[in-house]
Amino acid sequence: MGVLRSIGEWFEHRLRLKDAMAQPLTHPVPRSSASWWYVFGSATLTTLILQLITGVCLAFVYVPSAADAWQSLEHLNYSQPLGWFLRGMHYWGSNFMVALITLHVIRVFLFGAYKYPRELTWIVGVLLLLLTLGMAFTGQVLRWDQDAYWGLGIGAAIAGRTPFIGPRLVHLLLGGPIIGGETLTRFFVSHVFLIPALLLALVGLHLLLVLKLGISEWPMPGRLVSRERYRAEYEALLEREGVPFFPAAAQRDLCFSGLVILAVVVCAAVFGPSGPKGPPDPTLIRTVPRPDFFFLSVFAALALLPPYLETFLLLTAPVVGIALLVALPFLSNTGERSFRRRPVAVLGVILIVLTLVALTEMGESSPWSPVMNAWSSLPTPPQYVKGRTPLELQGALLVQGKQCRNCHSLGGRGGQRGPALDDVATRLTRDQLIRQVLQGGGNMPAYGKHLSPPEVTALVAFLETMHPSSEPPEKAAPVPATPAAP
Amino acid sequence: MSEHATNLSAPTSRRSFLLTLGIALNAIAATLVALPLVGYIFAPARRKAWQAWVALGAVDDFPEHQTRLATYENPFTVPWDGRTAHIPCWVRRISGDTFQVFAINCTHLGCPVRWFPESGLFMCPCHGGVFYEDGTHAAGPPPRRLYEYEYKIQQGKLWVRAGQIPTLSEPV
């Protein structure tokens with residue numbers, strides 16, 4: 001011990017760290033901020049450090065070349081000892097980092113901590129949020145599998161919708177005319193050098209601002225922020241009930257950060273890394289591209305937006321959203337901080353969170369997408385072929401063979417793009433069925449050119465049997481309808 | 001502080017001259033570094049036309065009245081492109097020398113459309129875009145028909161003009 005102490009003193013004599021560290025460590029913070037609600041920011045920083053460490057380790061093996069990146073990830077997964085675990089930690093670390101920074105933003109918003117004098121802290125925080133999402137997107141590209149390839153295709157298609165500079169933007173994004181070797185190196189540099197450097201610089205600024213302005217106190221309903229009095233009130237509060245940051249507040253940060261790292265380790269060990277999925281070969285078109293979890297909500301929104309609004313919203317919504325976030329502390333600079341007196345803020349958060357959760361959930365199941373292999377992999381449920389005539393059975397074969405089930409389900413299995421066919425006869429008469437099959441409509445393609453008249457007869461004969469035994473099929477009105485189609 | 005301030009505001013002292021010279025030199029140096037740097041990074045955005053004729057194969061490889069997947073090597077590649085240099089497209093031989101060659105990318109957001117000969121439809125796995133066999137829009141969110149390559153027949157081969165990813169603002 002004596003030796004250690006003297007070594008420590010040798011360094012201290014030269015570095016003089018004690019005094020330099022003492023002030024930031026023990027600076028007084030409001031007693032009310034020593035709370036479990038104030039731990040998300042520090043935990044986000046912890047995951048960032050974990051990402052830096054695991055990321056550097058992955059770069060020992062990863063090859064940022066379009067020809068070899070995928071193989072190097074497979075090598076990490078299966079050949080390099082513990083490579084799978086490192087990849088798992090980096091993947092789960094990114095999930096936790098996005099989740100924690102989101103919680104942190106929500107907490108700061110609900111507590112009104114972005115108000116005077118902490119506007120700049122908030123703006124830097126917004127930039128940190130965007131950079132974190134940038135890391136998530138670029139990281140997903142570095143996986144360089146089918147999803148990454150077609151994800152870049154989606155990115156290029158969005159960039160290509162920009163008026164005037166669209167084509168140039170696409171080529172800038174891809175580093176060339178099409179997704180290839182120079183695309184991957186661009187995203188590698190962004191993910192490994194550019195964005196991390198910006199992140200670290202802005203984290204430094206964020207922490208400096210937190211130290212200079214003090215951690216915001218727990219918002220009390222009725223205690224209004226005013227530009228004239230706030231600083232004096234905050235100083236008085238620290239005088240009255242200030243506690244040293246370390247250990248009063250830091251102990252909770254320490255515990256929570258430790259738990260987060262443990263959770264990342266456990267997730268990595270139990271669930272392992274993500275992908276890589278199929279190799280990045282664009283000629284392998286039997287693929288169903290999906291983005292990572294964080295971007296599923298965007299993916300879903302792109303399926304659900306009305307086409308006439310799509311380009312407009314794609315290009316303006318991110319700009320408006322970011323502008324609103326940056327402008328927030330100026331739009332509501334003073335006044336009430338407590339969420340108990342800010343119902344609109346609370347409802348806003350609930351609305352946004354519910355929207356994102358709902359969109360993510362929909363993105364997960366993608367009911368708008370045809371199930372590409374439903375026609376060949378899902379057999380007709382036996383109850384729908386029992387007791388049918390040969391003509392009707394031929395119709396059942398056509399439902400399979402003409403890919404109807406890619407969009408229509410039977411017995412709960414199949415696509416959900418169109419309505420289920422289990423009870424279609426209760427909704428459409430024979431004539432309406434013929435018309436719908438031949439001419440399409442209501443977002444269904446017309447099949448007139450690809451069904452012969454006998455096939456249409458068989459198909460409709462089968463569809464007419466599709467009703468529950470308790471419910472009769474829809475009958476045509478007594479007045480003869482105009483004969484539908486040829 | 002005040003001493004420095006006086007020195008700085010002194011009209012033509014040697015110190016203020018050197019300081020001005022120093023700032024000017026560095027401004028020039030920074031520009032000389034920054035301009036090529038910007039040019040280097042933005043180089044891919046400067047070239048306008050990324051198109052060249054590539055052969056898809058012998059005309060007879062494509063049976064009449066059928067639509068088949070063909071692949072070509074992108075004319076603009078780097079040696080480390082790997083498999084990404086191989087680009088697929090759909091070739092529809094209507095009859096004789098009349099073809100339609102569609103880009104693989106859905107016009108909605110660029111996902112790969114898949115051809116189903118039984119129902120004569122192209123379906124997209126991402127957001128449910130559907131196209132008829134002639135490339136026209138059948139269902140779903142795509143804002144236009146499938147992108148079509150310009151083609152020609154020379155020496156018994158089918159050629160297309162290709163090279164860049166088709167987008168709404170630059171369809172092939």
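Student: What percentage of the 172 residues of chain B count as buried?

Tutor: The model is a predicted one, and the count here is taken over the whole chain. Of the 172 residues of chain B, the share that counts as buried is 39%.

Student: How many helices and how many strands does chain B have, and in what order do they run?

Tutor: Chain B has three helices and 11 strands. From the N terminus on, the elements run α-α-α-β-β-β-β-β-β-β-β-β-β-β.

Student: Among contacts in chain B between residues at least 6 apart in sequence, what percentage join residues at least 24 apart?

Tutor: Contacts between residues at least 6 apart in sequence form the reference set for chain B. Within that set, the share that joins residues at least 24 apart is 46%.

Student: What distance separates the centres of domain 1 and domain 2 of chain A?

Tutor: Chain A is divided into domain 1, residues 25–365, and domain 2, residues 374–464. Taken over C-alpha atoms, the centres of these domains of chain A are separated by 46 Å.

Student: How do the residues of the side of chain A that touches chain B divide into nonpolar, polar and charged?

Tutor: The contact takes 55 residues from chain A and 49 residues from chain B. On the chain A side, α7 (146–159), α8 (166–174), α9 (181–213) and α12 (296–304) each supply at least two residues. The residues of this side of chain A divide into 30 nonpolar, 17 polar and eight charged.

Student: Is Glu182(A) buried or exposed?

Tutor: Glu182(A) is found in helix α9 of chain A. Not counting residues up to four places away in sequence, Glu182(A) touches Gly175(A), Gly176(A) and Val78(B). The cut-off for burial is 20 or more other C-beta atoms within 10 Å. Because Glu182(A) has 21 C-beta neighbours inside 10 Å, it counts as buried.

Student: How far apart in space are Glu182(A) and Ser65(A), C-alpha to C-alpha?

Tutor: In sequence, Glu182(A) and Ser65(A) are 117 residues apart. In space, their C-alpha to C-alpha distance is 8.4 Å.

Student: Why does the span of helix α6 of chain A agree with expectation?

Tutor: Helix α6 (residues 119–142) of chain A has 24 residues, so at 1.5 Å a residue it should span 34 Å. The end C-alpha atoms of this helix agree with that, being apart by 35 Å.

Student: Which helices do the buried residues of α6(A) pack against?

Tutor: The buried residues of α6(A) include Trp122(A), Leu128(A), Met135(A) and Leu142(A). In chain A, the buried residues of α6(A) pack against α5, α7, α9 and α13 (307–331).

Student: What is the count of buried residues in α1(A)?

Tutor: Helix α1 (residues 2–15) of chain A reaches 20 Å from its first C-alpha to its last. This helix is hardly covered, and among its 14 residues the count of buried residues is zero.

Notes: Residues numbered from 1 in each chain as written. Chains lettered and ligands numbered in written order. Predicted model: local features only at pLDDT ≥ 70, side-chain atom pairs only at ≥ 80, totals over all residues. Helix = DSSP H or I, 4+ residues; strand = E, 2+ residues; numbered from the N terminus. Buried ≥ 20, exposed ≤ 12 C-beta atoms within 10 Å, placed from the backbone. Contact = placed C-beta atoms within 7 Å. Domains from an automatic or database assignment. Nonpolar A, V, L, I, M, F, W, Y, C, P; charged D, E, K, R; others polar. Expected span 1.5 Å × (residues − 1).
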